[in-house]
Amino acid sequence: MIDLYFAPTPNGWKISVMLEECELDYNVRWVNIGAGEQFEPEFLAISPNNRIPAIVDHDPIEGDEPVSVFETGAILLYLANKAEKFLPADLHGQIAATEWLMWQMGGLGPMMGQHGHFKLYAPDRIAYATERYRNEVLRLFGVMDGRLAGHDYLAGEDYSIADMACFPWVQTYKRQEIDLADFPSVKRWYETLKQREGLRRGMALGRDKINRNPQDDAEVRKTLFGIKE
């Protein structure tokens, strides 16, 4: 059994999607990030960067003591090795999947997160910051569109952990006012992935717990954004 320390965010959904796609047994341990539960000692013991998600595998690959893993890229790689799924077996495929996974972690996710913050949550709308991050997000969508113009999926012709990492962030396109029609290959990829039952189950987890307007609560603003009154 795997314990999934989870909140319904794009990063959280990366792992719930992977667990559902792999059909691995897991138990959800909800982390209320608005209330600051990510700073509690129990959670910090497995995720010292105080960020969700994290996992504890009570039946690890080597059948030893339970192991904990934090950071979504590390978790996806761990689960891919455990399940022997969604990571190509050939060298070139593994390199491609790992490259695009790291591209998401270092680029697409952080830049969309920053754009979303300044566009939706910042107490003061700063045009320069919003435009700077929007331009970078659009550039990254262009990079992704170029890759997908010649491949069915990010790692090549097979669905992989790289796609699972990117999908939950791309799904925020409407709220971030990104027109997928400008990126036809991304749109084709997105519509294809939406049909996957495992992905749909993973993306449904915690939808009823989403706080869509955290900026409206002073304590949540302070906890999530460090904004003091």
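Modeller: Residues are numbered from 1 along each chain as its sequence is written, and side-chain values use heavy atoms, with hydrogens and water left out. Because the model is predicted, local features need pLDDT of at least 70 and side-chain atom pairs count only at pLDDT 80 or more, while totals for chains, interfaces and linings use all residues.

Biologist: How many salt bridges does a search of the whole structure find?

Modeller: A salt bridge here is a side-chain nitrogen of Lys or Arg within 4 Å of a carboxyl oxygen of Asp or Glu. Searched over the whole structure, the number of salt bridges is seven.

Biologist: How many residues apart in sequence are the parts that Glu20 and Arg201 tie together?

Modeller: Glu20 and Arg201 form a salt bridge, with the closest N and O atoms 2.8 Å apart. Helices are DSSP runs (H or I, at least four residues) numbered from the N terminus. Glu20 lies in helix α1 (residues 10-22) and Arg201 in helix α8 (residues 197-204), so the parts tied together are separated in sequence by 181 residues.

Biologist: Is Glu20 buried or exposed?

Modeller: Buried means under 20% relative accessible area, exposed over 50%, and partly exposed in between (1.4 Å probe, protein chains only). Glu20 has a relative accessible area of 18%, so Glu20 is buried.

Biologist: Which helix holds both Arg139 and Glu136?

Modeller: The closest N and O atoms of the salt bridge between Arg139 and Glu136 are 2.9 Å apart. Arg139 is partly exposed at 45%, and Glu136 is partly exposed at 24%. The two residues are three apart, about one turn of the helix, and both lie in α5 (residues 127-149).

Biologist: Are α1 and α6 parallel or oblique to each other?

Modeller: The axes, lines fitted to C-alpha atoms over the stretch in contact, have angles from 0 to 180 degrees between N-to-C directions. Those of α1 and α6 (residues 161-170) come within 8 Å and cross at roughly 140°. Angles under 35 degrees count as roughly parallel, over 145 as roughly antiparallel, 65 to 115 as roughly perpendicular and the rest as oblique. The two helices are therefore oblique.

Biologist: How many nonpolar residues are in the contact of α1 with α6?

Modeller: Contact means heavy atoms within 4.5 Å, and the residues meeting there include Trp13 and Val17 in α1 and Met164 and Trp169 in α6. Ala, Val, Leu, Ile, Met, Phe, Trp, Tyr, Cys and Pro count as nonpolar, Asp, Glu, Lys and Arg as charged, and the others, Gly among them, as polar. Beside one polar and two charged residues, the nonpolar ones number nine.
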